Amino acid sequence: MMFDFLVDLTGSPILAGTIQSLLPLFLFILPFALFAVYLERKVSAHMQDRLGPMRTGWHGWIQTVADILKLIQKEDIVATDNDKFLFNLAPIVVFVGSYAAFAAIPFSSMFIGTEMDLGIFYIVAVTGLVVAGILMAGWASNNKYSLLGSMRSVAQIISYEIPTILVMLSIVMISGTMSLHTLSEQQTGYAWNWYIFGGPGSELSKFLFIPSMVVGFVIIYISTLAEVNRTPFDIPEAESELVSGYHTEYSGMKFAMFFLAEYANMFAVSAIVVALFLGGYQSPIGYLGDLIGAKWMIPIEQFSWFTIKGVFFVFVQMWLRWTLPRLRVDQLMAVSWKYLIPIAFVNLIIIGLITLL
Amino acid sequence: MPQDSVLNTKSSAVRTEEMVLNMGPQHPSTHGVLRLELTLEGEIVSKVVPHIGYLHRCFEKHCEAMTYPQIVPYTDRMDYLAPMGNEFGYAIAMEKLLGIQVPERVEYIRVIMAELQRISSHLVALGTYGADIGAFTPFLYCFIDREKVLNLFEITCGARLLYNYIWIGGLSHDLHPDFVRKTLEFIKEFRPNLKEVNDLLSHNRIFIDRTANVGILPIDTAINYGVSGPNLRGSGIKWDVRREDPYSIYHKFDYDIPVGEGKYGTVGDSWDRYYVRVLEMEESCKIIEQALEQLPDGDVQSAIPKRIKPPVGHVYARVENPRGDLGYFIISDGSTSPYRVKVRAPSFVSMQVLNELCKGYMVADVVTILGSIDIVLGEIDR
């Protein structure tokens, strides 16, 4: 829909495609990163009985802009022993990996990067690109800490992709679609149509799904937390052990790219959880646009709902980060392989049986 | 990747190499400028060699060029998290050498200061330990309380970190009129805060998983190495200089000596060492409350000698610092400056067991273990 409109506007499908693909970046990722960094600082500050940034603007609201200006001015250091090509490529690959995921995220019924049938599949695939970027960064840095960090990171992301995918599969089994857009459309109506409450409809199977769905939701949230390397799973960049892991050697804008990718990723995984379990862009309480008869308001409301839900889960990620200690690398693997994956499998089987009934 | 040593395994098909990893001196969790040379097999540590001396300031040699009272501010700079304890030990050694009896009030104030210092020092130990394990929030919670202790020191002697307060034969200042009230207020506020830190960190499942059964220090190893303080008590031995070799007026107070019990793992693991510190802060609160209650009146400077020229001889005195048994050995040749000052630094001794503790654990555990033995590099290097 958005695409048709842009084709009409510009007269060229290529131009329209370019604009549409850039829209999430400029409309969403960059402003969100600005906001999320500020939020992280404020959340951590208030949790720790501090004020956080207060000097740059009202309650320090332009702190992130100041940070970015600082990062732009920084010297771009490339050590002599670095593998120059991979070193320069790595931040781009990492950023592209997390940015590409936004193509399939349904922000509202009118605004989705590309409406593909294999949305879930696509997201799992492109976020896998981040792993390659991290490995490149660790290797090319020629620093033992970076290498250890990137090795851990790769092991961690790959391990935690399995429970994520298993939970996604269970949703696919119920809904019969891999498109995040269709999935969000299915959960229309009110909050009880969300998949965490068993999905749309009112037959018996819906109520049977509820416990499995809650378990699935918890599993996917934990494993996405690990996939974006947030505490208690921030082992790749474990500050107290590995200084800052794979991006220790990076400075200036290259570091900013990693940083941006991290925050973009935080929202991306929250968005996936929201789209799968919490109705995507659907309002839990109906639309104001319906009430007053202004249809054009609905996509805007949907966008707001989606952002609110996504940001809420980003906030929970921050909350956890500033509360919990960090696991050790073997314990982290144990959580995934000994607990999450078996539970996710059993859950998948239960959902399969209920679907068959 | 540059490899320093090559380990050839028996099967020639797979060749594995050891990796030497330099940890520090610029590293967020080596607690100062300590450099650890870790030999790793994968992520498993096979050897730890500490390299020290980055903070060496020639304390002992420097003392020989100064008069006895001039040394007091220099003792502050050894264990900079517990300067009161350092001064206390030096003052006791000098008074023993000079044969001075200090007034009762001085003794009480010294004990109060030393125990407040113990609280503030353990708060730093706890906070940084949490930060080592990835929990950054308890760190700041601990620092809020430490700040209150520093404020108490500030109203007492004007300094917040290096006090120069406990002098030979007396104190530099008497207590501030508000000190007693403010200290009692602090203890009242501190107890619930300590509980909060316990809820947030000590009994957190992830924290326990990271620290219990990690870096177990058996009793005999601890004794053989001469480990003292909370590290020794963490291994389950009820040994405290305040009890074993009483100094000052510690015999007048009623307090317990907490020991490690292996609540979540083995006796002598990192969690035990950590938790002994938590319990010791509560005991320090008890001592401070009793001392404030009994605090006599008097002059704090009456016993300070005008000119310090001790008789020829030597003296050894020790105190229980937050980090363990701090000993001063002073040789006097009858002049105004010492012939030799030797310090037995508890951190230096505790650090020696690092290799024993870390063997077979992972890199992440080295940080855990190093944090749990709570070293201060200022004291190790002197």
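**Two chains and their contacts**

Student: How many residues of chain A are in contact with residues of chain B?

Tutor: There are 24 residues of chain A in contact with 26 residues of chain B. Two residues are in contact if their C-beta atoms, placed from the backbone, lie within 7 Å.

Student: Where do these positions and letters come from?

Tutor: Residues are numbered from 1 along each chain as its sequence is written, while chains are lettered from A and ligands numbered from 1 in the order in which they are written. This is a predicted model, in which local features need pLDDT of at least 70 and side-chain atom pairs count only at pLDDT 80 or more, whereas totals for chains, interfaces and linings use all residues.

Student: Which parts of chain A touch chain B, then?

Tutor: Three helices of chain A, α6 (144–175), α9 (239–242) and α13 (329–356), each supply at least two residues of the side that touches chain B. Helices (H or I, at least four residues) and strands (E, at least two) are DSSP runs, numbered from the N terminus. By class, this side of chain A has ten nonpolar, five polar and nine charged residues. Ala, Val, Leu, Ile, Met, Phe, Trp, Tyr, Cys and Pro count as nonpolar, Asp, Glu, Lys and Arg as charged, and the others, Gly among them, as polar.

Student: Let's move to chain B. How do α6 and α11 of chain B cross?

Tutor: The axes of α6(B), residues 179–202, and α11(B), residues 270–294, come within 11 Å and cross at roughly 165°. Axes are lines fitted to C-alpha atoms, for helices over the stretch in contact, and angles run from 0 to 180 degrees between N-to-C directions.

Student: What do we call that arrangement of α6(B) and α11(B)?

Tutor: The two helices, α6(B) and α11(B), are therefore roughly antiparallel to each other. Angles under 35 degrees count as roughly parallel, over 145 as roughly antiparallel, 65 to 115 as roughly perpendicular and the rest as oblique.

Student: And which residues meet there?

Tutor: On the α6(B) side they include Leu184(B), Ile187(B) and Phe190(B), and on the α11(B) side they include Tyr275(B), Met281(B) and Ile288(B). By class, the contact of α6(B) with α11(B) has eleven nonpolar, three polar and three charged residues.

Student: How do α4 and α14 of chain B cross?

Tutor: Helix α4(B), residues 104–133, and helix α14(B), residues 363–373, have axes that come within 9 Å and cross at roughly 180°. They are therefore roughly antiparallel to each other. Thr128(B), Tyr129(B), Asp132(B) and Ile133(B) of α4(B) make the contact with Val367(B), Thr368(B), Gly371(B) and Ser372(B) of α14(B). The classes here are three nonpolar, four polar and one charged.

Student: New topic: in what order do the strands of the open sheet in chain B lie?

Tutor: Three strands form that sheet in the order β7-β8-β9, with antiparallel pairing. Two strands pair if DSSP finds at least two bridges between them. The edge strands are β7 (313–321) and β9, each pairing on one side only, and the twist averages 15° from one strand to the next.

Student: How many bridges join β8(B) to β9(B)?

Tutor: Five bridges join them. Phe329(B) has Lys342(B) as its bridge partner in β9(B), and Gly327(B) has Arg344(B).

Student: Which residues are on the covered face of β9(B)?

Tutor: Val341(B) and Val343(B) form the covered face, while Arg340(B), Lys342(B) and Arg344(B) form the uncovered one. In a regular strand the side chains alternate between the two faces of the sheet.

Notes. Buried ≥ 20, exposed ≤ 12 C-beta atoms within 10 Å, placed from the backbone.
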